[in-house]
Amino acid sequence: MISLYFHIPFCKKKCNYCDFYSITDEKQINKFIAALKKEIILRKNETHGKEIDTIFFGGGSPSVLTESQFCEISDFIKQNFKIAVNYEWTIEVNPENYSEEKAKIWQECGVNRLSIGIQSLNDDELNICGRIHDRKQAIGVLRSKILKRFDNVNADLIYGLPNQNKNSFSETLKTVCKIPVIKHISLYELTIAENSFFGKNREKFNLPNESEIEKIVKYSRNFLQKSGFERYEVSNFAKNGCRCRHNENYWNYGRYIGFGPSSHSFDGENKRSANISDIEKYCELLNRNEIAADFIENLLLEQKKTEFLMLKLRTSDGFSLSEFGVKFGIDFLVKNKKYVNNLIENDYMIIKNGVCKLTDKGLDIADGIAIKL
């Protein structure tokens with residue numbers, strides 16, 4: 001399986017919690033598109049002529065692109081890559097730059113999955129996050145009739161926001177789950193990144209305490225399960241048949257190629273790389289027909305093992321013990337006998353039919369468990 005990721009590094013405004021690479025100068029979009037097309041030409045042979053299974057436009061906010069700008073990029077992708085018949089193509093959307101006209105063009109160009117950055121339906125919470133949409137605008141997008149044309153629609157939500165409590169978050173979750181078109185929910189706990197506005201002004205914000213976070217988490221998990229959403233990864237919930245295949249490829253240690261500044265790539269075996277997080281340098285290098293790489297590294301066996309476990313154990317599917325043995329020449333159960341037995345006895349891990357996976361309790365501390373294995 002091969003996935004393509006396109007980082008569109010433009011936003012109307014930087015959110016207070018965001019640490020992803022993005023800029024607000026939309027005058028640079030056309031220059032960026034020209035450089036992106038050159039990168040596609042330079043790197044398309046990395047697919048070795050194989051079909052592309054998933055495409056993901058992330059950011060930033062890809063929905064800032066005009067209809068013609070999006071068509072220019074999507075047409076160029078289709079001209080240079082073989083797209084599988086049963087593909088998945090996602091675009092991240094922010095409510096403030098959504099329109100039914102844009103949605104129609106996205107769908108006509110081949111997009112079949114939307115990921116909408118709702119984050120909250122509480123206007124006070126949205127304001128403190130620096131979001132530039134409000135509750136009314138977000139609900140209007142979710143109720144847009146044209147969304148029925150897409151195979152899958154995801155809503156991104158954040159909990160642990162300043163001044164938030166279980167009651168305010170439950171209102172957001174209930175409202176989103178009532179929208180029939182929503183088949184996938186990404187539920188992220190607020191992470192305070194040092195370089196974000198929140199990180200630089202942490203003491204000014206009233207963040208929920210650990211007890212309140214636990215209430216939100218417990219309520220959300222139960223409510224989503226009752227509403228027909230399966231928790232198939234640490235932070236992701238989907239109705240039957242509506243998982244995000246693109247993200248599953250990441251978690252399954254699959255192959256992906258990233259285009260645009262700050263994007264990452266992995267060949268599925270040993271080589272990992274990333275582009276520079278600077279649009280000026282990115283465009284300058286591509287204009288000289290040079291790859292805009294920030295780093296390229298070959299992973300050591302121990303690195304590969306740790307990353308494999310950290311990714312696979314994030315999912316409800318876990319991993320095959322025989323696959324682990326073939327990849328790393330190690331008997332997982334023999335090497336980790338004492339720790340694994342302790343995890344099983346304390347209801348953090350299950351091993352059944354040759355598959356190792358974490359329980360809901362274990363998924364909450366998946367990274368910590370993986371590091372110790």
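This is a predicted model: local features need pLDDT of at least 70, side-chain atom pairs count only at pLDDT 80 or more; totals for chains, interfaces and linings use all residues.
Residues are numbered from 1 along each chain as its sequence is written, and side-chain values use heavy atoms, with hydrogens and water left out. Local features need pLDDT of at least 70 and side-chain atom pairs count only at pLDDT 80 or more, while totals for chains, interfaces and linings use all residues.

The cysteines come first. A disulfide is a pair of cysteine sulfur atoms within 2.5 Å, and a search of the whole structure finds zero of them. C242 is in no disulfide either, with the nearest cysteine sulfur, in C244, 11 Å away. C109 is buried (under 20% relative accessible area, with exposed over 50% and partly exposed in between, for a 1.4 Å probe and protein chains only), at 8%. C242 also counts as buried, at 11% relative accessibility.

A cavity is a set of points, on a 1 Å grid over the protein atoms alone, where a 1.4 Å probe fits but cannot get out; lining residues have an atom within 4 Å of a point. The structure holds one cavity of 30 Å³ or more. The largest cavity contains about 60 Å³ of space, a volume being the space filled by probe spheres set on the points. Among the residues that line it are K12, K13, E96 and R131. By class, the lining has three nonpolar, three polar and four charged residues.

The aromatic rings remain. Rings of Phe, Tyr and Trp (its six-membered ring) pair if their centres lie within 6.5 Å; planes under 30 degrees apart count as stacked, over 60 as edge-to-face and the rest as tilted. There are 27 aromatic pairs in the whole structure. One of them, F32 with Y282, is tilted, at 6.2 Å centre to centre and 35° between the planes. Because F32 lies in helix α1 (residues 29-43) and Y282 in helix α10 (residues 279-287), this pair ties together parts 250 residues apart in sequence. F32 and Y282 are both buried.

F308 and F319 have ring centres 5.8 Å apart and planes at 70°, so their pair is edge-to-face. Both residues are buried. Ring pairs also join F308 and F319 into a cluster, including Y250, Y253 and F332.

Key:
On a 1 Å grid over the protein atoms alone, a cavity is a set of points where a 1.4 Å probe fits but cannot get out, and a pocket is an open set with protein on both sides within 12 Å along at least five of seven lines; lining residues have an atom within 4 Å of a point. Ala, Val, Leu, Ile, Met, Phe, Trp, Tyr, Cys and Pro count as nonpolar, Asp, Glu, Lys and Arg as charged, and the others, Gly among them, as polar. Helices (H or I, at least four residues) and strands (E, at least two) are DSSP runs, numbered from the N terminus.
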